[in-house]
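Here are a few notes to read with the structure open beside you. Take them one at a time and try to find each piece as you go.

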There are 2 protein chains.
Amino acid sequence: MQDKLNLMIPGPTPVPENVLRCMSKHPIGHRSGEFQAIVKKTTEQLKWLHQTRSDVLTITGSGTAAMEAGIVNTLSKGDKVLCGDNGKFGERWVKVSKAYGLNVKVIKGEWGKPLHPNQFKKLLEEDTNKEIKAVILTHSETSTGVLNDLQTISKYVKNHGKAITIADCVTSLGACNIPMDEWGIDVIASGSQKGYMIPPGLSFVAMGERAWEANSHSDLPKFYLDLKQYLKTVNNDSNPFTPAINLYFALEASLSMMQTEGLNNIFKRHTRHQIATQAGMKGMGLPLFAEENHGSPAITAVMPKNIDAEIIRKSIKDDFDILLAGGQDHLKGKIFRIGHLGFVNDRDIISVVGALESTLHNMGKLQSPIGQGISATIAVLNDQQ
Amino acid sequence: MQDKLNLMIPGPTPVPENVLRCMSKHPIGHRSGEFQAIVKKTTEQLKWLHQTRSDVLTITGSGTAAMEAGIVNTLSKGDKVLCGDNGKFGERWVKVSKAYGLNVKVIKGEWGKPLHPNQFKKLLEEDTNKEIKAVILTHSETSTGVLNDLQTISKYVKNHGKAITIADCVTSLGACNIPMDEWGIDVIASGSQKGYMIPPGLSFVAMGERAWEANSHSDLPKFYLDLKQYLKTVNNDSNPFTPAINLYFALEASLSMMQTEGLNNIFKRHTRHQIATQAGMKGMGLPLFAEENHGSPAITAVMPKNIDAEIIRKSIKDDFDILLAGGQDHLKGKIFRIGHLGFVNDRDIISVVGALESTLHNMGKLQSPIGQGISATIAVLNDQQ
């Protein structure tokens with residue numbers, strides 16, 4: 001049905017109506033006092049979201065731009081880095097690091113399985129000459145729905161004493177607890193079209209004290225992504241380059257909604273929806289792709305047996321106007337991914353589980369009596385009120 | 001008055017209501033067929049606007065990102081480039097070029113005066129070893145309201161045979177005639193919040209055949225701004241990274257409006273408004289800052305005598321809800337700048353001239369009998385119907 005699509009992909013995520021309305025306001029001058037007030041407010045709100053006293057800088061660009069900014073602002077050519085790679089986005093940070101001539105040691109993980117913190121621990125402990133300058137990893141691996149153990153890995157990095165942690169929290173920030181200062185994460189990158197509940201176009205880089213210290217001797221070339229320029233201007237409630245003004249209007253509105261809901265409530269909501277979704281899949285006999293207990297609160301990947309995942313996905317879109325994500329690269333046709341990130345309520349969860357159950361039933365592919373999936377989902381939602 | 005502000009700065013420019021409405025549509029999946037149709041359509045529209053058969057690529061970022069993309073995708077470390085610098089943005093391209101280790105020969109021009117094409121001609125002709133790889137310049141210098149002679153300079157670059165022309169057309173594209181193919185410009189960078197009539201957040205890089213040839217041996221590091229990735233995906237009507245989807249909705253709508261108006265009508269409208277604005281300033285005895293016959297059709301800079309330009313600017317904003325731009329750097333307080341770029345009609349021109357005349361009169365600073373400015377403006381508007 002026209003204009004009835006519900007986005008249950010891991011970004012862009014659904015946008016609240018009052019945030020959408022902000023998008024259609026007439027732009028104001030980006031050097032005006034009115035706009036400075038918005039930069040000042042959103043910068044404070046971003047610090048709240050990151051649970052940090054460090055600087056959080058806003059870039060007009062995608063999450064990849066934010067990650068690249070984290071890398072090129074803290075490292076130098078030839079620097080040795082460890083790069084976790086257990087999915088499409090881990091792969092991407094390897095590519096970015098290599099594009100800038102870093103000496104990359106890739107810590108591989110199987111797609112669908114988490115990175116092993118001990119592999120990082122071992123290499124960091126063995127590095128007595130302190131050659132490792134950074135550990136780069138994805139927290140919530142969007143391509144597989146796996147949540148890597150950022151807390152433990154960043155602890156090992158801290159113990160190393162020299163290296164910094166650069167974390168892609170694009171689909172985890174605003175979905176689960178990431179206390180930047182408490183965990184000692186040095187760089188966090190994120191993007192607007194995810195937990196932030198606004199359309200794509202803005203991305204964010206939080207830079208801790210040790211990241212700025214690393215910045216002081218970083219020699220990688222940069223200009224648009226030169227975070228020192230962003231720091232200098234954000235201290236005057238401004239931007240170095242013309243920012244996406246309307247997305248700033250949206251950002252202010254969505255972060256205000258998030259503050260009203262409260263961080264703990266937001267995290268609890270995501271976990272509850274994650275468990276309810278997982279229960280629904282198990283109830284109808286659909287295997288989860290991510291290893292047990294390592295699923296992301298933002299996204300659940302499902303690997304149906306004996307049926308092309310793309311056929312399910314197309315059916316769900318055509319019949320129920322729910323957009324699910326497909327598998328990427330070698331997982332195309334093998335998995336589909338349900339996004340439950342951002343502006344998602346119980347109705348969304350019930351509807352996607354019900355729609356899947358109906359679709360499989362109609363295809364004659366349901367492994368269990370109809371109703372088992374949705375019952376399991378409802379049970380979780382009722383239990384965890 | 002609240003929500004009554006008229007933007008007459010050189011960006012962001014006013015946005016038509018139907019384009020603003022597109023901004024508040026719910027995002028759709030950026031890998032969906034629906035979005036591919038938009039990428040396909042806007043790519044064709046962008047080629048129309050650039051009067052080119054070359055590739056025009058869309059980046060989520062500011063005009064600076066587009067210029068940086070043009071530079072880092074065509075050049076290599078140590079490459080000799082000529083960089084025109086007669087204003088804030090010329091200065092910026094010198095900084096970008098130096099940040100990437102290029103060997104920059106700066107061709108200086110006084111602020112308010114155009115670059116001298118003969119300076120480029122001489123250096124290009126003397127370069128018999130063909131060491132100059134690129135000529136980088138700003139077409140419409142936003143900081144001063146000067147239009148540089150891109151056509152002549154790019155002709156000299158073509159005669160050189162090796163170097164390419166990288167042009168910042170951020171405030172000239174959509175305001176005056178820039179036939180990319182006919183003039184042989186190799187790279188054109190532009191931004192959405194200007195002649196495009198949409199809010200900031202998208203920028204565009206047109207890459208001609210010789211630019212791609214230069215790209216094949218460019219060694220500057222890049223990832224988010226790696227145009228090869230954009231080319232590969234745009235050929236599938238897609239983007240390498242999550243784009244600012246809502247700005248794409250707006251882009252499609254505004255380019256359709258522009259196509260309905262027609263390129264020649266758009267250019268004629270801008271020239272007519274430029275002449276009418278200039279006439280108004282002269283009529284009320286306000287000196288123009290840009291050298292005679294070298295003004296930009298996008299912006300008129302004015303240098304009032306015996307009065308701080310910032311005081312005029314504040315008055316015009318407070319009393320008439322018209323936002324003018326101030327002077328940058330050493331010109332702060334010395335000039336103000338009237339943007340007549342993009343979605344501007346005769347009413348806007350009449351109102352800004354009238355408001356200025358009223359303001360100066362009330363301040364006792366009007367150099368001529370009241371009404372001379374607006375009469376001159378009206379005469380031009382009537383003459384050039």
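1. One term before we start: two strands count as paired if DSSP finds at least two bridges between them. Keep in mind, too, that this is a predicted model. Now look at strand 3 (residues 80-85) and strand 5 (residues 132-138) of chain A: they run parallel, and four bridges join them.

2. Zoom out a bit. In chain A, seven strands make up an open sheet with mixed pairing, in the order 2-10-9-8-5-3-4. Strand 2 (55-60) and strand 4 (103-108) of chain A are the edge strands, each pairing on one side only. From one strand to the next, the twist averages 20°.

3. Next, the helices on that sheet. Helix 3 (residues 63-72) of chain A lies across strands 2, 5, 8, 9 and 10 of chain A, at about 165° to strand 9. Helix 5 (residues 117-126) of chain A touches strands 3, 4 and 5 of chain A, and its direction makes about 145° with that of strand 4.

4. How do the two chains relate? The same surface serves both copies, as 98% of the contact residues of chain B recur in chain A.

5. Finally, the contact itself: 42 residues come from chain B and 41 residues from chain A. On the chain B side, helix 3 of chain B gives the largest share, four residues. By class, that side has 24 nonpolar, 14 polar and four charged residues.

Terms used:
Residues numbered from 1 in each chain as written. Chains lettered and ligands numbered in written order. Predicted model: local features only at pLDDT ≥ 70, side-chain atom pairs only at ≥ 80, totals over all residues. Contact = placed C-beta atoms within 7 Å. Helix = DSSP H or I, 4+ residues; strand = E, 2+ residues; numbered from the N terminus. Nonpolar A, V, L, I, M, F, W, Y, C, P; charged D, E, K, R; others polar. Axes fitted to C-alpha atoms, helices over the stretch in contact; angles between N-to-C directions.
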